[in-house]
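The sequence and structure are shown first.

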Amino acid sequence: MPSTLRGYGVTKRLKWRRILGLPVVALTVTLSLELAHGADLVPAPSPPPAPPYAAPAAPQAGQPGLYDPYRMEVRFGGFLHGVGGTEKGTYDLSPEFVFPRLPLFQSQWWNVFVPRPHVGANINLEGRTSAFYAGGLWSFPLPYRTFFELFVDGAIHNGVENNALPGHSGLGCPALFHVGGSFGYAITEHWTVMATFDHLSNGHYIFGINCAGNTGPTPNPGVNNWGGKIGYAF
């Protein structure tokens, strides 16, 4: 085949390949653009839902160092007896049992006013008035491991009612009121210490009580004790 024809044929074939290749390139570009545009229209995936809110756990009673009024306690202490009164200068020992707060209104905020039953004694070491008491005690937890308590009880005693001898208080009645309060600190989950004021009297000045058969006003010298206790909670 002459060289001129061979060159002519080659030129023709290249020309037709370029002509036929243009639509293929155009089709490829068009498809690429369509795919890209379609990808833009696909919605972005939704973010995962937030985990449900979980409120922090409330401190549980009985954690180390916290005062828990729902436990049994055994307490023991000592007092300066009869401070400011006729029986001053003597001393008492005081064992006490404090029971758990009564299981009432535990889900309500006012359950702090539900009392704890307690029983105890003030035993004088020098023959002055000793007493046994029982009643209600109210515990109020405070910050920093502290707590405050009030108690109101009935009491019986072995002291003098009327015509008291020197060094003895004439308490007027065989049954008395026993009231007072404490400020305490929780050393650990189990151990507590308290500073306590303790008052024993017939309540005449407050309630106007006349007792022991007296027709006139009943003497009410009372007995004031100041001291402290240490407690262990089970």
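Gly 77 stands opposite Lys 229 in strand β8. Strand β8 covers residues 223–233 and runs antiparallel to β1, the two being joined by eight bridges. Strands count as paired if DSSP finds at least two bridges between them, and the strands themselves are DSSP runs (E, at least two residues), numbered from the N terminus. This is a predicted model, in which local features need pLDDT of at least 70 and side-chain atom pairs count only at pLDDT 80 or more, whereas totals for chains, interfaces and linings use all residues. Residues are numbered from 1 along each chain as its sequence is written, and side-chain values use heavy atoms, with hydrogens and water left out.

Strand β1 also pairs with β2 (residues 90–98), in the antiparallel sense and over nine bridges. Within this pairing, Val 74 stands opposite Phe 97 of β2.

In a regular strand the side chains alternate between the two faces of the sheet. Along β1 (residues 73–81), Glu 73, Arg 75, Gly 77, Phe 79 and His 81 point to one face and are buried. Buried means under 20% relative accessible area, exposed over 50%, and partly exposed in between (1.4 Å probe, protein chains only).

Aromatic rings are treated next. Rings of Phe, Tyr and Trp (its six-membered ring) pair if their centres lie within 6.5 Å; planes under 30 degrees apart count as stacked, over 60 as edge-to-face and the rest as tilted.

| Ring pair | Centre distance | Plane angle | Class |
|---|---|---|---|
| Trp 191 and Tyr 232 | 4.8 Å | 65 degrees | edge-to-face |
| Tyr 232 and Phe 234 | 5.4 Å | 80 degrees | edge-to-face |

Trp 191 lies in strand β7 (residues 191–201) and Tyr 232 in β8, so that their pair links distant parts of the chain, 41 residues apart. Ring pairs join Trp 191, Tyr 232 and Phe 234 into a cluster. Trp 191 is partly exposed at 41% relative accessible area, and Tyr 232 is partly exposed at 29%. Phe 234, with 57% relative accessibility, counts as exposed.

Pro 174 is found in the loop between β5 (146–157) and β6 (175–186). Its relative accessible area of 45% makes Pro 174 partly exposed. Leaving aside residues up to four places away in sequence, Pro 174 touches Ala 155, Ile 156, His 157 and Glu 161, where contact means heavy atoms within 4.5 Å. The C-alpha atoms of Pro 174 and Glu 161 are separated by 6.7 Å, with the two residues 13 apart along the chain.

Terms used:
Helix = DSSP H or I, 4+ residues; strand = E, 2+ residues; numbered from the N terminus.
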